[in-house]
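Student: I have a new model open and would like to talk it through with you. Could we take it one question at a time?

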Amino acid sequence: MIPPDPELSPRRAARAEAERLATAALAVQSASPAEGSPAEAAEPAEAAGPTRRELRAGASTSSGIRALAATRGLPLAARRRRAGLLAVAVAVVVAGAVAIGAAATAGGRDEGEAAEVAATTTVVEGPPAVPAEGLPVPQLAAVAATATPCDDPAFTAALASGDDAAAIAAAGGGGAFRAAVASGIAPCVSLSDPNREWVVVNKQRPLDPVDYRAGDLVMPENVRALEESALRARAAGALTEMVRAASDAGAGEIGYLSAFRSYSTQQSTYAGRVSVGGVEEADRESARAGYSEHQTGLAVDIVPCNGSCATLDDVAASAQGAWVRDHAWEFGFITRYAEGRESVSGYEPEAWHLRYIGPELARAYHEGGYTTLEEFFGLPAAPTY
């Protein structure tokens with residue numbers, strides 16, 4: 001066996017391979033049966049072009065051309081068949097020439113160029129292999145549903161029975177009740193129900209029905225009243241306790257001018273203010289009928305008394321007024337219209353206007369530093385109608 005020639009260039013190897021392919025193609029075609037007449041198949045061997053020995057020896061393309069010339073004088077069909085065979089051979093040789101060029105280009109690179117290409121090539125790593133057990137499955141943590149008082153049977157039962165104090169206690173106290181309502185997770189609680197102590201009435205939230213009248217109105221015991229005006233039972237009892245506590249503390253006597261006002265009474269009150277100062281001025285200090293807290297039976301206008309009773313405007317600077325600001329929340333009352341909050345509540349400050357919301361809610365109101373019911377329950381401001 002002859003060892004490979006180390007000097008054999010890629011160009012020579014490619015050319016030899018191309019000629020080998022051409023030879024093989026011609027040999028296959030020559031071995032096929034003639035498609036022409038028996039006379040054409042029996043042509044002399046010397047007129048048939050290159051011999052198989054010449055093709056095996058690696059005859060060049062020029063040999064193929066000489067073979068084509070040797071077909072002169074042959075019948076037309078034979079010449080056409082020979083021409084087809086030579087065309088195939090030429091095509092194979094051309095393909096081999098292209099391969100020779102590519103091999104020569106690749107073979108011409110020296111080792112330095114190959115090293116430079118390797119040094120500047122960036123290797124991009126593929127994704128990590130998939131574990132044998134399959135793709136990983138995402139683990140999603142379960143999200144607990146938001147707790148709401150409306151899902152508590154004790155809370156809903158207290159609401160259904162009309163027991164406001166029991167409902168607030170079932171919710172976890174005044175602070176928890178307020179937070180649930182303000183955040184919107186207690187849809188079973190209505191801030192528009194006039195029978196509830198937490199009802200909110202303002203210039204954007206009229207009473208429903210507009211001529212609402214509470215059914216448990218009573219006169220407060222042992223409290224000086226300047227006119228016959230009642231309160232709802234729980235508010236009336238709380239006012240009695242507050243007045244007694246103020247007197248025991250040495251703050252003086254507290255009386256009241258007005259508490260519940262019916263729809264018709266409020267119409268007259270508001271009309272009187274309009275006749276004095278006009279609609280704009282009346283709206284700053286008096287509610288229109290159907291929009292008044294006095295109509296709920298949960299609001300009262302107090303006055304300081306010392307033998308005789310002073311006016312509403314005297315409350316802020318009196319000892320009784322100072323004591324009420326510090327202690328009214330302990331009995332369930334808040335000062336509804338505070339100083340500097342007209343843009344939210346819609347009314348000028350009224351130190352005399354107390355609103356009963358119950359001791360638990362009043363404690364949360366006081367401890368939270370709130371100054372309006374709108375903010376306390378997360379409601380929008382109501383400066384105008």
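This is a predicted model: local features need pLDDT of at least 70, side-chain atom pairs count only at pLDDT 80 or more; totals for chains, interfaces and linings use all residues.

Student: E4 and E5 form a hairpin with 1 residue between them. The residue in the turn has a positive phi of about 85°, and its name is Gly307.

Tutor: Now my turn to answer. What would you like to know about the other partners of E4?

Student: How many bridges join E3 to E4, and what is the bridge partner of Ile254 in E4?

Tutor: E3 spans residues 253–258, and the two strands run antiparallel. They are joined by 5 bridges. Within E4, the partner of Ile254 is Pro304.

Student: And on the E7 side, which residues of E7 stand opposite Val300 and Ala299?

Tutor: Val300 stands opposite Leu354, and Ala299 stands opposite Arg355.

Student: Why can E4 be called largely enclosed by the rest of the structure?

Tutor: A residue counts as buried when its relative accessible area is under 20%. E4 is largely enclosed because the number of its 8 residues that are buried is 7.

Student: Is E7 mostly covered or mostly open, and which residue stands opposite its Glu350?

Tutor: Of the 7 residues in E7, 6 are buried, which makes the strand mostly covered. E7 also pairs with E6 (residues 333–337), in the antiparallel sense over 4 bridges. There, the residue opposite Glu350 is Tyr337.

Student: What is the volume of the second largest pocket, and which element gives the largest share of its lining?

Tutor: The volume is about 370 Å³. Of the 22 lining residues, the closest to the centre are Arg273, Glu285, Ser286, Glu350 and Trp352. Helix H11 (263–285) and strand E7 (350–356) each supply at least two residues of that lining. The largest share, 5 residues, comes from H11.

Student: How many charged residues does that lining have?

Tutor: Split by class, the lining of the second largest pocket has 7 nonpolar and 6 polar residues. The charged residues there number 9.

Student: Last stop, the loops! Which peptide bond is cis, with omega near 5°?

Tutor: Look in the loop between helix H9 (174–183) and strand E1 (217–218), where Pro209 lies. The cis bond there runs from Asp208 to Pro209.

Student: And is Asn222 buried or exposed?

Tutor: Asn222 sits in the loop between E1 and strand E2 (231–232). It has a positive phi of about 60° although it is not a glycine. Its relative accessible area is 72%, and exposed means over 50%, so Asn222 is exposed.

Terms used
Residues are numbered from 1 along each chain as its sequence is written. Side-chain values use heavy atoms; hydrogens and water are left out. On a 1 Å grid over the protein atoms alone, a cavity is a set of points where a 1.4 Å probe fits but cannot get out, and a pocket is an open set with protein on both sides within 12 Å along at least five of seven lines; lining residues have an atom within 4 Å of a point. Grid points are joined across faces, edges and corners, and a volume is the space filled by probe spheres set on the points. Ala, Val, Leu, Ile, Met, Phe, Trp, Tyr, Cys and Pro count as nonpolar, Asp, Glu, Lys and Arg as charged, and the others, Gly among them, as polar. Buried means under 20% relative accessible area, exposed over 50%, partly exposed in between (1.4 Å probe, protein chains only). Two strands pair if DSSP finds at least two bridges between them.
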